[in-house]
Amino acid sequence: MTGAARGIGAAIARRLATDGMAVAVVDLDEKQAAGTVQAIIADGGRAIAVGADVTDEDAAMAAVERTADELGPVGVLINNAGIIRDNLIFRMSVADWDAVQNVHLRGAFLMTRAAQAQMTQARWGRIVNLSSTSALGNRGQANYAAAKAGLQGFTKTLALELGKFQITANAIAPGFIETDMTHATADRLGLDFGDWVEAAVRDIPVGRIGQPADIAAVASFLCSEEAGFVSGQVIYVAGGPKA
Ligand SMILES: NC(=O)c1ccc[n+]([C@@H]2O[C@H](COP(=O)([O-])OP(=O)(O)OC[C@H]3O[C@@H](n4cnc5c(N)ncnc54)[C@H](O)[C@@H]3O)[C@@H](O)[C@H]2O)c1
């Protein structure tokens, strides 16, 4: 479970632990991940903190190996680690383009390549990738939109290649979810978070923004035994049919 120190990743980690899974809380450094681990343990679950930069090939491999050593073979992988480096295209630097592709696409690739080896051996697995409604296009996010659309193609290809091992791969595409990431976006736009939410909610059919638990509930289903016939799908979780 990558990027699980906070936000959506922390909520998914806690939910999967409640579902009975032992969870490796992978994030940039172990200290950051410790809070989520403590919360899981306090709830009676099993978890370890694993410090890893998912863009680093050796670190990604080591994270999967350590998880297997300490918790048992990896059956479920959630590629959730993410960053934003928003800017309009004419102002976007190559560094900001590369950083976003690296965390979302290279990170998901490296973690999946490492984890699928264990899943294919066990002939069972669940992979969930975090896409976004931004995959459909979002002003100021050419880098992020490309990465999140890329993850959808990645997901569908994993479903095709790994299905014969009873491994499913699906993507969740959240809409507006309240996390540090969306608070940072409000800051960048120079907006008060409350005012921004009020304006956003007018276009969200269910009349509210999402919370990390809304995403965790869908992840929980996709990782369950009974979701074994759902694969290669992108599930938009955005309070309505459109971004
Ligand atoms: N918040 C939203 O509205 C929203 C909407 C759509 C999609 N998403 C996606 O959901 C995921 C989680 O978003 P969030 O809002 O919880 O973000 P967040 O910024 O609160 O948390 C992201 C986590 O990823 C970790 N991370 C970043 N780079 C990493 C790396 N190289 N290696 C390991 N960990 C790394 C961070 O340390 C952080 O803990 C992201 O993929 C994001 O793009 C979020």
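Reader: How many residues surround the ligand, and which are the closest?
Author: This is a predicted model, where local features need pLDDT of at least 70, side-chain atom pairs count only at pLDDT 80 or more, and totals for chains, interfaces and linings use all residues. Residues are numbered from 1 along each chain as its sequence is written, and side-chain values use heavy atoms, with hydrogens and water left out. The shell holds 30 residues, and the closest are Arg6, Asp27, Asn80, Tyr144 and Thr179.

Reader: How much of the ligand does the protein bury?
Author: Accessible areas come from the Shrake-Rupley method with a 1.4 Å probe; for residues, only the protein chains shown count as cover. Taken alone, the ligand exposes 830 Å². The protein buries 95% of that.

Reader: Which element gives the most to the shell?
Author: Helices (H or I, at least four residues) and strands (E, at least two) are DSSP runs, numbered from the N terminus. Helix 1 (7-18), helix 4, helix 5 and helix 6 each give two or more residues to the shell. The most, three residues, come from helix 6.

Reader: What does helix 5 pack against?
Author: Helix 5 covers residues 142-162 and reaches 30 Å between its end C-alpha atoms. Its buried residues (under 20% relative accessible area; exposed is over 50%, partly exposed in between, 1.4 Å probe, protein chains only) include Tyr144, Leu151 and Leu158. The buried residues of helix 5 pack, by contact (heavy atoms within 4.5 Å), against helix 4 (94-122), strand 4 (125-130), strand 5 (167-174), helix 6 (180-189) and strand 6 (234-237).

Reader: Is threonine 67 buried or exposed?
Author: Threonine 67 sits in helix 3 (residues 57-71). Beyond neighbours within four places in sequence, threonine 67 is in contact with Ala24, Ile48, Val50, Gly72 and Val74. Its relative accessible area is 11%, so threonine 67 counts as buried.

Reader: Which residue's side chain joins that of aspartate 19 in a polar contact?
Author: Aspartate 19 lies in the loop between helix 1 and strand 1 (22-27). It is partly exposed because its relative accessibility is 38%. Its C-alpha is 9.9 Å from that of phenylalanine 221, 202 residues apart along the chain. The polar contact, at 2.6 Å, is with serine 220.

Reader: What is the phi of arginine 123?
Author: Arginine 123 lies in the loop between helix 4 and strand 4. It is exposed because its relative accessibility is 51%. Its phi is positive, though the residue is not glycine, and is near 55°.

Reader: And what is the phi of glutamine 166?
Author: Glutamine 166 belongs to the loop between helix 5 and strand 5. With 48% relative accessible area, glutamine 166 is partly exposed. Glutamine 166 is not a glycine, yet its phi is positive, about 60°.

Key:
The expected span of a helix is 1.5 Å times one less than its number of residues. A residue is near a molecule or strand if one of its heavy atoms lies within 4 Å of it. A polar contact is a pair of N or O atoms within 3.5 Å; within protein, one must be able to donate a hydrogen and the other to accept it, and residues adjacent in sequence count only if both atoms are side-chain atoms.
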